[in-house]
Amino acid sequence: MDAWKKELGVAFLLLLGVSLVGGITGLFIPLLFLLSISLLIWQVVQISRFERWISNGGRGKYPKAKGIWEDIYYHVYLIKKSEKKRKKKLGKIIDQFRKSTDALPDAAVVLGKEDEIEWANTAAKNVLGLQSSDRGQRIPNLIRFPVFVRYLKSGLFNESIIMPSPTNSNITLTVKIVSYGAGLRLLLAQDITQLRKMEQMRKDFVANVSHELRTPLTVLKGYLETLQELDGPLSPLLTHSFQQMQEQSERMQYLIDDLLLLSNLETQPKKTHCVDIPALLGKICKESENINNSVGRIELTLETNAHIYGDEQELRSAFSNLVGNALKYSPKESPVQVRWHQSQQNLVLDIVDEGEGISDTEIPRITERFYRIDVKRAHKVAGTGLGLAIIKHVLLRHDALLVVTSELYKGSTFSCCFPVERKC
Ligand code: ADP
């Protein structure tokens with residue numbers, strides 16, 4: 001502001017001088033014209049100096065100037081200085097970020113809009129085999145596993161994929177892509193070889209133990225039956241003991257059978273063919289009514305005659321478990337509805353009971369292995385807590401989902417939703 005006042009003051013003095021001299025000499029107009037031209041030329045010279053300085057990057061100290069121009073130079077100089085400071089700070093942050101991501105054990109790669117590599121950390125070089133010279137190359141040209149290329153193309157990055165490392169096929173990686181910014185994506189790859197090995201060991205252990213327990217249990221059960229058939233009356237204590245032993249050995253048999261079934265589901269490939277679901281449901285409903293002493297309780301509604309691709313044995317096991325549960329966990333006289341129908345995107349099997357129901361907090365837990373709801377039931381219901389874990393696994397192997405809706409003391413609906421693409 002002061003500079004402006006000074007500048008205007010100088011202009012006013014010059015104008016006053018010209019007026020005085022012009023008044024004395026009678027040459028006011030030519031002198032005014034001369035003054036205006038001189039001021040204009042001076043300003044043009046200042047602008048050109050400024051332009052030269054700024055086009056050279058405004059580096060270093062600014063040139064000497066007078067009046068308002070000194071102020072302009074000074075302000076631009078200050079802006080430049082603070083920008084330089086900010087750049088330095090930003091550079092430091094980027095440097096720190098690079099150092100920390102380089103120290104990460106997981107591979108991280110920044111991908112551009114065309115899937116080109118913009119940046120990769122050190123682990124990406126070791127685990128994914130990427131080189132510094134690969135910058136700018138499209139990643140599907142370097143990592144060609146079909147599962148990876150399909151994942152990248154799909155744009156559906158909610159899930160991660162599992163694939164071998166391109167540098168060492170003995171290393172298993174889980175790969176996840178996260179979208180951020182304008183079309184940028186961060187690819188993260190983690191080595192899960194040890195985790196997979198442990199998972200395999202767990203599966204083998206369960207399979208072996210369940211298998212090995214079968215023979216001793218059969219022997220024990222055999223002897224129990226023989227002992228009970230011995231001639232002569234048994235003392236009440238022995239009768240009670242035999243009954244308990246019989247019940248517990250049966251429970252153990254169910255547990256072993258369910259564990260073996262689960263480990264088979266985890267390890268065996270499924271035998272897929274076109275399964276006649278209406279016929280299968282008809283058989284399951286009849287058998288379940290007989291086994292559970294519930295003849296006449298099941299209402300089977302077949303709204304579609306759809307067959308689906310799947311493993312009949314596995315589907316039979318899952319469906320009869322669900323129907324069995326509906327009968328088990330509801331009053332003896334209450335009806336159970338079994339409904340096979342088609343919605344827009346799914347083929348759905350609904351199993352509806354009017355039983356004790358499940359609270360909202362328990363619903364997410366009931367498919368966990370060995371999870372049983374501890375309600376004070378009027379009658380104790382036998383079970384292993386593995387049924388729904390088996391069902392969930394079977395459905396997963398058929399690209400299907402288990403949806404549970406329930407209201408306490410009113411009843412539950414278990415829905416198996418198969419994608420319509422499974423129709424055959
Ligand atoms: P199990 O029936 O052998 O206990 P499941 O895995 O089949 O094992 O079921 C887990 C638990 O979920 C059961 O213990 C039961 O409490 C609950 N549950 C399953 N089905 C129903 C149902 N239709 N109504 C109410 N509760 C149920």
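**Figure 1. Aromatic pairs, with Phe50 and Trp53 as the example.** A search of the whole structure, which is a predicted model, finds eleven aromatic pairs. One of them brings together Phe50 and Trp53, with ring centres 6.2 Å apart. The planes of these two rings stand at 45 degrees, so the pair is tilted. A pair of aromatic rings is described by the distance of the centres and the angle of the planes. Both Phe50 and Trp53 belong to helix H2, which covers residues 28-55. Along H2 the two residues are three apart, about one turn of the helix.

**Figure 2. The open sheet of five strands.** The strands follow the order S2-S1-S5-S4-S3, and their pairing is antiparallel. Strand S2 (117-120) and strand S3 (161-164) are at the edges. Each of these two has a single partner strand, so one side of each lacks a neighbour in the sheet. From one strand to the next, the twist averages 30 degrees. Strands of a sheet pair through backbone hydrogen bonds, either parallel or antiparallel.

**Figure 3. The hairpin of S1 and S2.** Strand S1 takes in residues 107-111 and runs antiparallel to S2. Three bridges join S1 to S2. In one of the bridges, Leu111 is partnered by Ile117 of S2. In another, Val110 has Trp119 of S2 as its partner. Five residues lie between the strands of this hairpin. Asp115 in the hairpin takes a positive phi near 65 degrees. In a regular strand the side chains alternate between the two faces of the sheet.

**Figure 4. The packing of helix H9 against helix H10.** Helix H9 spans residues 312-328, and helix H10 spans residues 387-397. The two pack at an angle of about 140 degrees, with their axes 9 Å apart. That angle makes H9 oblique to H10, because only angles over 145 degrees count as roughly antiparallel. The crossing of H9 past H10 is left-handed.

**Figure 5. Residues in the contact of H9 with H10.** From H9, the residues in the contact are Glu314, Leu315, Ser317, Ala318, Asn321, Leu322 and Asn325. They meet Gly387, Leu388, Ile390, Ile391, Val394 and Arg397 in H10. By type, the residues of this contact are seven nonpolar, four polar and two charged.

Technical notes. Residues are numbered from 1 along each chain as its sequence is written. This is a predicted model: local features need pLDDT of at least 70, side-chain atom pairs count only at pLDDT 80 or more; totals for chains, interfaces and linings use all residues. Side-chain values use heavy atoms; hydrogens and water are left out. Axes are lines fitted to C-alpha atoms, for helices over the stretch in contact, and angles run from 0 to 180 degrees between N-to-C directions. Helices (H or I, at least four residues) and strands (E, at least two) are DSSP runs, numbered from the N terminus. Angles under 35 degrees count as roughly parallel, over 145 as roughly antiparallel, 65 to 115 as roughly perpendicular and the rest as oblique. A crossing is left-handed if the near helix is turned anticlockwise from the far one by less than a right angle, and right-handed if clockwise. Contact means heavy atoms within 4.5 Å. Ala, Val, Leu, Ile, Met, Phe, Trp, Tyr, Cys and Pro count as nonpolar, Asp, Glu, Lys and Arg as charged, and the others, Gly among them, as polar. Two strands pair if DSSP finds at least two bridges between them. Rings of Phe, Tyr and Trp (its six-membered ring) pair if their centres lie within 6.5 Å; planes under 30 degrees apart count as stacked, over 60 as edge-to-face and the rest as tilted.
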